Amino acid sequence: MGLEEQVGKYMRGKQVIIVTSALDSEGYLQEIAGTLLEAVDGCLVIEQNQELAPTLVNPAHVTWIYEDASDDEYEDDEYEDV
């Protein structure tokens, strides 16, 4: 099973951060954050802003992808245990 199928199966509809192998002008890896809409036909479709068109990412340039867990979510979890 390819990257598109795995990502689509486990991360569709979730907030994700994609780290690409493309370097910016200063030599840093580029990150793309947003909601994963689809993972089909050799591309990952990421919604970064509802007012703009989605971003298409070629999986061949993905170094890694992970679910975005913001600090706000962690703070909420801490108070639920009390």
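## Salt bridges

A salt bridge is a side-chain nitrogen of Lys or Arg within 4 Å of a carboxyl oxygen of Asp or Glu. The model is predicted, so local features need pLDDT of at least 70 and side-chain atom pairs count only at pLDDT 80 or more, while totals for chains, interfaces and linings use all residues. Residues are numbered from 1 along each chain as its sequence is written, and side-chain values use heavy atoms, with hydrogens and water left out.

By the salt-bridge rule, the count is 2. One joins the side chains of R12 and E38, with an N to O distance of 3.9 Å. This pair links distant parts of the chain: R12 lies in the loop between α1 (3–11) and β1 (15–23), E38 lies in strand β2 (residues 29–40), and they are 26 residues apart. Helices (H or I, at least four residues) and strands (E, at least two) are DSSP runs, numbered from the N terminus. E67 forms a salt bridge with K14, and the closest N and O atoms are 3.9 Å apart.

The relative accessible area is 43% for R12 and 33% for E38. E67 is at 44% and K14 at 33%.

## Overall layout

The protein has 2 helices and 5 strands, arranged along the sequence as α-β-β-β-β-β-α. Of its 82 residues, 27% are buried. Contact means heavy atoms within 4.5 Å. Among contacts between residues at least 6 apart in sequence, 44% join residues at least 24 apart.

The buried residues of α1 are E4, V7, G8 and M11. They lie on the same side of α1, because they cover an arc of only 105 degrees around the axis, taken from the directions from the helix axis to the C-beta atoms. These buried residues pack against β1, β2, β3 and β5. The face turned away from the buried side carries the exposed residues K9 and Y10. Just after α1, G13 takes a positive phi of about 85 degrees.

## Nonpolar core

A nonpolar core is a set of buried Ala, Val, Leu, Ile, Met, Phe, Trp, Tyr and Cys residues joined through side-chain atoms within 4.5 Å. The largest has 12 residues: V7, M11, V16, I18, I32, L36, A39, L44, I46, V57, V62 and I65. At least two core residues come from each of α1, β1, β2, β3 (43–47) and β5, and β2 gives the largest share, 3 residues.

Leaving aside neighbours within four places in sequence, L36 is in contact with V7, M11, R12, G13, K14, V16, L44, V45 and I46.

## Surface

The accessible surface of the protein is about 5900 Å², and 47% of it belongs to carbon and sulfur atoms. Accessible areas come from the Shrake-Rupley method with a 1.4 Å probe; for residues, only the protein chains shown count as cover.

L23, L29, W64 and Y66 form a nonpolar patch on the surface, with about 400 Å² of accessible area together. Patches are made of residues with over 30% relative accessible area and no salt bridge, where like charges are joined within 9 Å and nonpolar side chains (Val, Leu, Ile, Met, Phe, Trp, Tyr) within 5 Å. Y66 is in strand β5 and is partly exposed at 32% relative accessibility.

Technical notes. Buried means under 20% relative accessible area, exposed over 50%, partly exposed in between (1.4 Å probe, protein chains only).
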